[in-house]
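User: Hi! I'm new to reading protein structures. Could you walk me through this one?

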Amino acid sequence: MDNLQKWLEPVLEENGCTLYEIEWETNVNPPILRISIDKVGGVDLDTCAQCSDAISVLLDEKDWYGKEYMLEVCSPGAEKELKTDEQIQNAVGSYVFVKLKDPKQGVDSVRGDLLEANETSVTISYRDKSRTKTIVVDKSNISLIMTAVKL
């Protein structure tokens, strides 16, 4: 999978995208290689098709698997889990949902704008009734952080 990631990243970059996640499902026949891509402003069907074509050519050239498999190129969706520090950093300015391992200031989860992210913590601005508050959460206290849709 490491080689796969190294091969995919430049191809996606050429298409204005980044690699979000690689999934290899072998419990189906044929196996499915699912590549989730992301892009500033969001991913549409045309972007998925364009990246799928480019990835397909690359994998055929590399003879990556050598057997039949299905390639699926998709968006991680509007509400996506942020799994890496880079993904969290890229989400600064976005509306997020954060679930805490241990409650802080009487809060066990928070929805708000991700104002800042550094190596050890994230800062979120959120509404509590009619007031805007800010909370700083240690990354070690986060059980889940994901982008969210603001209703």
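User: Great. What should I know before I start?

Analyst: This is a predicted model, in which local features need pLDDT of at least 70 and side-chain atom pairs count only at pLDDT 80 or more, while totals for chains, interfaces and linings use all residues. Residues are numbered from 1 along each chain as its sequence is written, and side-chain values use heavy atoms, with hydrogens and water left out.

User: How many helices and strands are there in the chain?

Analyst: The chain has three helices and eight strands. Both are DSSP runs numbered from the N terminus: helices are H or I with at least four residues, and strands are E with at least two. Their order from the N terminus is α-β-β-α-β-α-β-β-β-β-β.

User: What box do the C-alpha atoms fill?

Analyst: Roughly 55 × 30 × 25 Å, taken along the principal axes.

User: And how much of the chain is buried?

Analyst: Of the 151 residues, 38% are buried. Buried means under 20% relative accessible area, exposed means over 50%, and partly exposed is in between, with a 1.4 Å probe and protein chains only. The chain exposes about 9300 Å², and carbon and sulfur atoms supply 45% of that. Those areas come from the Shrake-Rupley method with a 1.4 Å probe; for residues, only the protein chains shown count as cover.

User: OK, strands next. Which strands does β4 join?

Analyst: β4 (residues 95-104) is joined to β5 (residues 107-117) by six bridges, and the two run antiparallel. Five bridges join β4 to β8 (residues 142-147), also antiparallel. Two strands pair if DSSP finds at least two bridges between them.

User: Which residues stand opposite each other there?

Analyst: V96 stands opposite G112 in β5, and L100 stands opposite I142 in β8.

User: What happens at the turn between β4 and β5?

Analyst: That hairpin has two residues between the strands, and Q105 takes a positive phi near 55° there.

User: What does Y95 touch?

Analyst: Y95 lies in β4. Leaving aside neighbours within four places in sequence, Y95 is in contact with R111, G112, D113, M146, T147, A148, V149 and K150. Contact means heavy atoms within 4.5 Å.

User: Changing topic: how many salt bridges are there?

Analyst: A search of the whole structure finds seven. A salt bridge is a side-chain nitrogen of Lys or Arg within 4 Å of a carboxyl oxygen of Asp or Glu.

User: Why would such side chains pair at all?

Analyst: Side chains of opposite charge can pair when their charged atoms come close.

User: Which partner does R34 have?

Analyst: R34 forms a salt bridge with E23, and the closest N and O atoms are 3.9 Å apart. R34 is in β2 (residues 32-38) and E23 is in β1 (residues 18-25), eleven residues apart. R34 is buried, with a relative accessible area of 14%, while E23 is partly exposed at 30%.

User: And D128 with K133?

Analyst: Their side chains meet in a salt bridge too, 2.9 Å from N to O. D128 counts as partly exposed at 31% relative accessibility, and K133 counts as partly exposed at 26%. Elsewhere, salt bridges that share partners join E23, E25, R34 and E72 into one network.

User: Is S125 buried or exposed?

Analyst: S125 is buried, with a relative accessible area of 15%. This residue is found in β6 (residues 121-128). Leaving aside neighbours within four places in sequence, S125 is in contact with G112, D113, L115, T132, K133 and T134.

User: Last one: where is W64, and what is around it?

Analyst: W64 is found in the loop between α2 (45-62) and β3, and counts as partly exposed at 22% relative accessibility. Leaving aside neighbours within four places in sequence, W64 is in contact with L4, W7, W24, L33, L59 and Y69. The C-alpha atoms of W64 and K80 are separated by 28 Å, with the two residues 16 apart along the chain.
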